[in-house]
Amino acid sequence: MRTILMDIVKVFFLFVAFTLLFYYGLRVMHAEYEHFHRYAPPEGPAVKVYSEEHSFFERIHLFFRLGE
């Protein structure tokens, strides 16, 4: 009975330790990417994409035709 209880305590402490490691790992990743500007203009040899202007009916037709 004592060995079973010790195994349960070991598993419990391992579970708590890995849960805390996972939690603090997520916090570190969040802190790293919190100040990352997602909408910054691209750098390097980026090319701007121009979209053609369509009328409302052409857009609806394209939407239903392609299902997007």
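Of the 68 residues in the protein chain, 0% are buried. This is a predicted model, and that figure for burial comes from the predicted coordinates. The chain contains 2 helices and 0 strands. Its radius of gyration is 27 Å, well over the 11 Å that the globule rule gives for 68 residues, so the chain is more spread out than a compact globule. The spans of the C-alpha trace along its principal axes are about 75 × 35 × 20 Å. The accessible surface amounts to about 7,700 Å², and carbon and sulfur atoms account for 68% of that area.

Helix α1 covers residues 2-33. According to the UniProt record, an unreviewed entry, residues 7-26 are annotated as "transmembrane region".

A nonpolar surface patch of about 920 Å² is formed by Leu5, Val9, Phe12, Phe13, Phe15, Val16, Leu20, Tyr23 and Tyr24. Phe13, one of the patch residues, has its place in helix α1. With a relative accessible area of 53%, Phe13 is exposed, because the cut-off for that class is over 50%.

Tyr33 also belongs to helix α1. Its relative accessibility is 58%, and Tyr33 therefore counts as exposed. From Tyr33 one may look towards Leu62, which is 29 residues away along the chain; the C-alpha atoms of these two residues are separated by 37 Å.

Helix α2 provides the counterpart for this account. It comprises the 11 residues 56-66, of which the number buried is 0, so helix α2 lies largely in the open. Just after α2, Gly67 adopts a positive phi of about 75 degrees.

The aromatic side chains complete the description. A pair of aromatic rings is described by the distance of the centres and the angle of the planes. Across the whole structure, a search finds 5 aromatic pairs. One of them joins Phe63 and Phe64: the ring centres are 5.3 Å apart and the planes stand at 70 degrees, so the pair is edge-to-face. Phe63 has 42% relative accessibility and counts as partly exposed, whereas Phe64, at 64%, counts as exposed.

Definitions and conventions:
Residues numbered from 1 in each chain as written. Predicted model: local features only at pLDDT ≥ 70, side-chain atom pairs only at ≥ 80, totals over all residues. Heavy atoms only, no water. Buried < 20%, exposed > 50% of the residue type's maximum accessible area, 1.4 Å probe, protein only. Helix = DSSP H or I, 4+ residues; strand = E, 2+ residues; numbered from the N terminus. Patch = residues over 30% accessible without salt bridge, like charges linked within 9 Å, V, L, I, M, F, W, Y side chains within 5 Å. Areas by Shrake-Rupley, 256 points an atom, 1.4 Å probe, with all protein chains shown as cover. Salt bridge = Lys/Arg side-chain N within 4 Å of Asp/Glu carboxyl O. Phe/Tyr/Trp six-rings, centres within 6.5 Å; stacked < 30°, edge-to-face > 60°. Rg over C-alpha atoms; globule rule 2.2 N^0.38 Å. UniProt positions renumbered as here; feature names shortened; annotations may be inferred.
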